[in-house]
Amino acid sequence: MDDPDTTAQNGAGSEKRSVRGGIAGRKDYARDKLTNGSKTLPETDGRLRIARRFRDIAAAILVDQGGTDLCSESRRQLIRRFSAACVLAEDLEGRLARGEEIDVERHALLCSTLTRLAQRIGIDRRAKNITPSLGDYLRSPPPTEIEEAAE
């Protein structure tokens, strides 16, 4: 018998489907837009410069950390907080560069927060393992004559 935390009945038939995250009854397509990646920030359309910058920072850090599949949910949340603090700090720095007055204490607090978050996330790049498994290697088609000549 199947474990109820990993499979669920699909309608009246006897077909089984996997349940994301091991939560019984949870459908893959019934997740929040933030969870499934189709939305970066709630209640935004993502076209504003600040939203695009937030998304770019978060994506770059995720790549540095080896990709989404190698990051825990808590690390991904820390990356989101780090990205938000970066955007706020960059906004303050832009105001300063334009000659406007800024709250130095707020900027210092943001810098301190960024430092602590960076320590938690980790600043070292993590190489993503792209070596194919033995099974994948054995299933791959043999190289063509053109590919062999190129080597």
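Mentor: Happy to! Let's start with A89, which is found in helix 3; helices here are DSSP runs of H or I with at least four residues, strands are runs of E with at least two, and both are numbered from the N terminus. Before going further, please keep in mind that this is a predicted model, in which local features need pLDDT of at least 70, side-chain atom pairs count only at pLDDT 80 or more, and totals for chains, interfaces and linings use all residues. Residues are numbered from 1 along each chain as its sequence is written, and side-chain values use heavy atoms, with hydrogens and water left out.

A89 has a relative accessible area of 4% and is therefore buried (buried means under 20% relative accessible area, exposed over 50% and partly exposed in between, with a 1.4 Å probe and protein chains only). Setting aside residues up to four places away in sequence, A89 touches H107, L110 and L114, where contact means heavy atoms within 4.5 Å.

For A85, 25 residues away along the chain, the C-alpha separation from L110 is 6.3 Å.

These pairs belong to a wider packing. Two packed helices are described by the angle between their axes and the distance between the axes. Helix 3 (residues 73-97) and helix 4 (residues 104-121) pack at an angle of about 150°, with axes 9 Å apart; the axes are lines fitted to C-alpha atoms, for helices over the stretch in contact, and angles run from 0 to 180 degrees between N-to-C directions. Helix 3 and helix 4 are therefore roughly antiparallel (angles under 35 degrees count as roughly parallel, over 145 as roughly antiparallel, 65 to 115 as roughly perpendicular and the rest as oblique). Their crossing is left-handed, a term used if the near helix is turned anticlockwise from the far one by less than a right angle, with right-handed used if clockwise. On the helix 3 side the contact includes A85, L88, A89 and L92, and on the helix 4 side H107, L110 and L114 are among the residues involved. This contact divides into 13 nonpolar residues, one polar and five charged; Ala, Val, Leu, Ile, Met, Phe, Trp, Tyr, Cys and Pro count as nonpolar, Asp, Glu, Lys and Arg as charged, and the others, Gly among them, as polar.

Helix 3 also packs against helix 2 (49-64). Here the axes come within 9 Å and cross at roughly 135°, so helix 2 is oblique to helix 3. That crossing is right-handed. Residues including F54, I57, I61 and L62 of helix 2 meet residues of helix 3, among them I79, F82, C86 and V87. The helix 2 and helix 3 contact divides into 11 nonpolar, one polar and four charged residues. Also in helix 2 is A59, partly exposed at 39% relative accessibility. A59 and I79 are 20 residues apart in sequence and 9.0 Å apart in space, C-alpha to C-alpha.

The loop between helix 2 and helix 3 holds T68. At 42% relative accessibility, T68 counts as partly exposed. Apart from neighbours within four places in sequence, T68 is in contact with L62 and R76.

What about cysteines? A search of the whole structure finds zero disulfides, a disulfide being a pair of cysteine sulfur atoms within 2.5 Å. C111 is in no disulfide, and its nearest cysteine sulfur, that of C86, is 9.5 Å away. C111 is partly exposed, with a relative accessible area of 31%, whereas C71 is buried at 6%.

Finally, the setting. The chain has six helices and two strands, and from the N terminus on its elements run β-β-α-α-α-α-α-α. Of its 151 residues, 21% count as buried. Among contacts between residues at least 6 apart in sequence, 42% join residues at least 24 apart.
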